[in-house]
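The notes after the display are grouped by topic.

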Amino acid sequence: MFPRFQLANDRAHICVFLCLTAIVNTVFTVTHYSVPEEMEEGSVVANLATDLGLDVKTLNARKIRVDVVANKKYLDINKDTGELFILERIDREFLCPWKTTSSCFLKIDATIENPIRMFNIEVEVTDINDNAPHFRRGTMHLDISESTAVGERFSLNNAVDPDVGVNSVKNYHLSSSDHFAIEIQTGRDGTKFADLILKKALDREQQAVHNLILTAVDGGIPTRTGTASIIVRVLDVNDNAPKFDKEKYVIDVMENSPIGSLVIKLNATDLDEGSNSDIVYSYSLYTSEKTQNMFNLNPENGEIRVKEMINYEDLKLYEIEVIAADKGPNSLSGQCKVTVQVTDMNDNHPEISVKSFQSPIKENEPVDTVIAVVSVSDKDSGDNGVVDLHIPHNMPFRLRESSDNYYELVVSEPLDREKVPEYEITFTVTDRGSPPLSDNDTMTLELLDVNDNVPQFPQSFYTIRMMENNAPGALISSLTAFDPDLHENQYLVYFIIEKEIANTSMSMLFSINPENGNLYALKTFDYEIEKDFLFHIEARDSGSPPLSSNVTVHIIIVDQNDNAPVIVSPWRAHGSVVEEKIPRSTDKGSLVAKVIALDTDSVHNSRITYQFLQVPDATLFSLDQYNGEIRTMRMFSYRDQRHHRLVVVAKDNGEPALSATVTIKLSTVETAVKAYSDMTEVPLEYDIFSDLNLYLVIGLGSVSFLLLITILVTIVLKCQKPKASKAAPPCRNSVASERNSTIADSTLVSNDAYWYSLFLAETRKGKLVVRQPVPKGSRYIVSSIPRGTGLTDTSDSAASTLQASTTSSSSST
């Protein structure tokens, strides 16, 4: 279509070359290439994989990619071959509009993963001669006084060529003229411009107008040219030109200065008078259009004010050339240069770019593991462009600078998902300007669970009370452990740790649901046989490897009132009536009978109280509700019946209460036997009971020493030949004493520390101990305890102890 473009493309395939060999095996490498502008799309720049030392076969898997530059992706990478190729035509003048002399670079980043590596690539776009020089004004008008001296120079509008280097404007040519010539000048930025030189004095009367053609020629191959017309009008004499106070002014202006703010007020003076001294200020042709658009010059007073917002990052220096021309018939002018230096302000926020970020990660990732790669930048200069990157201090991460303005986010402390399952990591970049500006970017890091927590029970020891007589399969309790891990690491299985008691495994007595920890009883328990169990339960998670913990369980069997009291004294055959005989002359308060009941339950279920269920005369007999003693409330009278039927009920303290009854048939007899003396229960310490000490005291006080010896001999003889009392033989269930007998106490001790009394009768011929049989299965001890210290033979046997165990009972004869 355009021969110059075709030529450029042909040259492009030849001129591509590698400027700097890539440094491989380095995370951040700067690789330089050079390409001419306007290359065909698809043209190969270089084999990036070869230059960077990368395996072509892994490019796809490692996701190699390049960044976008200025919203355009000029270059891309062929992932199959590793070649860097042109994706879109590159116009150097569009890409670098203000870089007329310096190099134009495309700076892109190439990124690969697994592991993450970054490569900085600089592609220099070289210029081709695709633009012709052109003048901003096609016609230039010059008014020159006829009195102008030879050698006077006049500024001409310079030609502009967007190309650079040899392709820019290199020379000017002026059409043939006897009066004028041109002189080529070079500006500070290398720009070529021409001054019109008067080489011969003008004569308006001979020629009022001079038409010249100015041609600009660039240095490209082939060369390109542009032309402009110069119309020189010869004016009448005005021999004084305006002059400025200074030839050069240097002004500092802060960027982002308000529009309309004053930069400088120029002052020029003209020694002429009248219209020849009226001055008009204007920009010279050397002042660029961008500068004229940025600043406004008041033609009347010479004030230069800000016209558009000044941006330090766009251009740091502006050069202005101002012409002061008078209004004389033949206008003369003077000029000065104003250099405006832009002072940087901190008006650009720093930028942050997360190049790579790994999420999720395992909670047991080691310290110094790289999680993310972040780059930062700031367009400002000086301290305003120096940036610092921060993350919150209360996180187990830190930033590590890997290269200029690149940072790695690494793990600084061990992670724990159970404490913090995820982190909101905010990267904050702040410059060092005044005031500082900042930017931030927040990323979410999720942690994956590992099995690092042991199951935990709420308690280390469980005490569980369970009522006896439970139903088999009854739920005892729910022992639930907690594991803060997730998924299979959290799923728990419960076991009973095997332990044998009396050759019986715990798994035969109890069962636990492996999924929820519910503990069940597999059999019915009896408090009187089994009172407690102690074993361990283990909770194990399903992680790999599994973790476990155990807890101690103490099962206490709680007693129920499932045993009724049993009457053990006075003993009688099943269904029979107990018969007792007492003298009719018995005193008030005498003990006539005593009921003793036993209960194999425990604690309050075995506490027994006694009541009359049937009593013929409530004024004659009383019953102690705690010890079961039946006593006379008064002496018998002739009106009282001889036979009395007493029904006593023994009731336990359970809920509901259980009871047993005994019927005592009490008969009064006319006998010389002395009435029962008062029997008081006292705690005793010996197995044989006697009043010998009392007799000794009386004997020592009333008779002589000889009488005392006689009494002692008599007592010894009685002990050797015991005889039963004929006056009042004892019945099976009670003791009937002679008139001179004494009554001692014996004590029944139960397993709950309650005390009960039995009877021990002592007659003149000896002692009689009444032993009552104890029901099978009870746990009681019956013992007779003497008051004195002396030993006396009884009519049947010496005092003895009665024991009953849980499996059998025994009685002494």
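Rings of Phe, Tyr and Trp (its six-membered ring) pair if their centres lie within 6.5 Å, and planes under 30 degrees apart count as stacked, over 60 as edge-to-face and the rest as tilted. By this rule Phe-510, Phe-525, Phe-533 and Phe-535 form one aromatic cluster. The model is predicted, and local features need pLDDT of at least 70, side-chain atom pairs count only at pLDDT 80 or more, and totals for chains, interfaces and linings use all residues. Residues are numbered from 1 along each chain as its sequence is written, and side-chain values use heavy atoms, with hydrogens and water left out.

**The chain as a whole**

- The chain has seven helices and 57 strands; helices (H or I, at least four residues) and strands (E, at least two) are DSSP runs, numbered from the N terminus.
- Of the 813 residues in the chain, 43% are buried. Buried means under 20% relative accessible area, exposed over 50%, and partly exposed in between, with a 1.4 Å probe and protein chains only.
- About 41,900 Å² of the chain is accessible surface, and 52% of this belongs to carbon and sulfur atoms. These areas come from the Shrake-Rupley method with a 1.4 Å probe, and for residues only the protein chains shown count as cover.
- Contact means heavy atoms within 4.5 Å. Taking contacts between residues at least 6 apart in sequence, 68% join residues at least 24 apart.

**The largest nonpolar core**

- A nonpolar core is a set of buried Ala, Val, Leu, Ile, Met, Phe, Trp, Tyr and Cys residues joined through side-chain atoms within 4.5 Å.
- The largest one holds 29 residues, and the members that touch the most others are Val-45, Leu-48, Leu-54, Leu-75, Leu-95 and Leu-106.
- Two or more residues of this core come from each of β2 (28–36), β3 (44–47), α2 (48–52), β5 (75–77), β6 (83–86), β7 (105–112) and β8 (117–126).
- Leu-54, with its neighbours within four places in sequence left aside, is in contact with Ala-49, Leu-59, Arg-62, Ile-64, Ile-112, Arg-117 and Phe-119.
- Ile-108 is found in strand β7 and is buried at 5% relative accessibility. Ile-108 and Asp-67 are 41 residues apart in sequence, while their C-alpha atoms are 5.7 Å apart in space.

**Aromatic pairs**

- The count of aromatic pairs is eleven.
- Phe-193 and Tyr-286 form a tilted pair, because their ring centres are 4.6 Å apart and their planes are at 55°. Phe-193 lies in strand β15 (residues 192–198) and Tyr-286 in the loop between β22 (279–283) and α4 (289–294), so the pair ties together parts that are 93 residues apart in sequence.
- Phe-193 is buried, at 15% relative accessibility, whereas Tyr-286 is partly exposed, with a relative accessible area of 24%.
- Phe-295 and Tyr-318 make an edge-to-face pair, with 5.3 Å from centre to centre and 85° between the planes. Phe-295 is in strand β23 (residues 295–297) and Tyr-318 in strand β25 (residues 317–326), 23 residues apart.
- Phe-295 is buried at 0% relative accessibility, and Tyr-318 is buried with a relative accessible area of 1%.

**Charges over rings**

- A charge sits over a ring if NZ of Lys or CZ of Arg is within 6 Å of the ring centre and within 35 degrees of the ring normal.
- The charged end of Lys-316 lies over the ring of Tyr-312, 5.0 Å from the ring centre.
- The charged end of Lys-531 lies over the ring of Tyr-527, 4.7 Å from the ring centre.

- All six residues of strand β32 (residues 406–411) are buried, so the strand is largely enclosed by the rest of the structure.
- One side of β32 carries Tyr-406, Glu-408 and Val-410 and the other Tyr-407, Leu-409 and Val-411, and both faces are covered.
- Two strands pair if DSSP finds at least two bridges between them.
- Strand β29 (residues 370–377) pairs with β32 in the antiparallel sense over five bridges, and Val-373 has Glu-408 as its bridge partner in β32.
- Strand β31 (residues 397–403) runs antiparallel to β32 and is joined to β32 by six bridges; Ser-403 has Tyr-406 as its bridge partner.
- The hairpin of β31 and β32 has two residues between the strands, and Asn-405 takes a positive phi near 65°.

**Thr-663**

- Thr-663 belongs to strand β52 (residues 659–669) and is buried at 15% relative accessibility.
- Apart from neighbours within four places in sequence, Thr-663 is in contact with Val-577, Val-578, Arg-645, Leu-646 and Val-647.
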